[in-house]
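Good morning, everyone, and thank you for making the time. Please have a look at the sequence and the model on the screen, and then I will walk you through them slowly.

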Amino acid sequence: MQAAKNEPHGSSKSTESVLGWLFEENLAKAIQQGALSVARSATRGYATESAKKITIPVQLNGLSGKYAGAAYSAALRKSEDTLKQVETDLTAVTKALKDDAKLSAVVFNPTLSVQEKKTGLTELFKKTGKTPNDITKNLFDVLNENGRLHDAAKVVEDFQEIMSAHRGEVVITVTTATPLESSLQSRLEKALKQSEVGSKAKQLKVVNKVNPNVQGGLVVDFGDKSIDLSVASRVNKLNALIAESV
């Protein structure tokens, strides 16, 4: 049956089901050690050694957030340098998937078996032009074995959000119908840096996203807050609204 092709070899259930990998700690162990090694030790009843407690700087909802948090924990347990390398790897992998439509079609094809997708992942890593960290490879192996490769883009996005929090960045997204003019973006950044939110941040990162559905205005998102403003609104009003919303 087709469904069986998406299960790990020798298992009647997905690794995710067997180990209860909805819990980030188990996911992190799988990503750090390799999915199959963790699965085998678990089924044999081996005790796992206690791992260094890692606090994820921002908790994200959904499965993609759990995978991203697990990858962060697994990488940071090794070292800060490993964490940076995984971040670089994921950026390179995302670019490779965007640049190669055929390869992307293989990796995300739901009709292919785990092994066939694994071959595609090997080609994907080659496409980046560098050898990825084991944490990066294990993350994609776990996503593959659990039938979650279609969530990879969101996992990477969530990982980047965690990394921003790790660096003490406050990411503010400004969505407009067309790209912001440099002069307006500079004024916005200046106002945001002077706001209560910006003054508390180690770093303030302003990202301009374009959405044609935003007509004649802009939407400012930060954390769980969202402010809808017209383009004609004064920048100091934006600053006041942000302060009032916190």
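Let me begin with a term: helices (H or I, at least four residues) and strands (E, at least two) are DSSP runs, and they are numbered from the N terminus. Counted in this way, the secondary structure of the protein chain comes to 12 helices and four strands.

Two remarks on how to read what follows. This is a predicted model, in which local features need a pLDDT of at least 70 and side-chain atom pairs count only at pLDDT 80 or more, while totals for chains, interfaces and linings use all residues. Residues are numbered from 1 along each chain as its sequence is written, and side-chain values use heavy atoms, with hydrogens and water left out.

Now to confidence, where pLDDT is the predictor's confidence in each residue, from 0 to 100. The protein chain averages a pLDDT of 77, and 71% of the residues score at least 70. Among the elements, helix α5 (residues 80–99) has the highest mean pLDDT, 95, whereas helix α1 (residues 15–19) has the lowest, 43. Over residues 15–23 the pLDDT is below 50, although this stretch has 28 contacts in the model beyond near neighbours in sequence, a contact meaning heavy atoms within 4.5 Å. Residues 36–50 also stay under 50, and for them the model has 12 contacts beyond four places in sequence. Where pLDDT is low, the predicted coordinates should not be read in detail.

What share of the contacts with a separation of 6 or more joins residues 24 or more positions apart? In the protein chain that share is 69%.

Let us turn to the largest pocket. On a 1 Å grid over the protein atoms alone, a pocket is an open set of points where a 1.4 Å probe fits, with protein on both sides within 12 Å along at least five of seven lines, and lining residues have an atom within 4 Å of a point. About 940 Å³ of space lies in the largest pocket, where grid points are joined across faces, edges and corners and the volume is the space filled by probe spheres set on the points. Its lining has 27 residues, and E157, Q160, E161, V171 and T173 lie nearest its centre. Helix α9 gives the largest share of that lining, nine residues.

Finally, a few single residues, for which buried means under 20% relative accessible area, exposed over 50%, and partly exposed in between (1.4 Å probe, protein chains only). Buried residues make up 43% of the 246 residues in the protein chain. One of the residues of helix α4 (residues 62–78) is A70, which counts as buried because its relative accessibility is 0%. A70 and A30 are 40 residues apart in sequence, and their C-alpha atoms are 8.8 Å apart in space. D99, by contrast, is found in helix α5 and is exposed, with a relative accessible area of 53%. From D99 to K127 there are 28 residues in sequence and 9.6 Å in space, C-alpha to C-alpha. A105 belongs to helix α6 (residues 101–107), and at a relative accessible area of 45% A105 is partly exposed.
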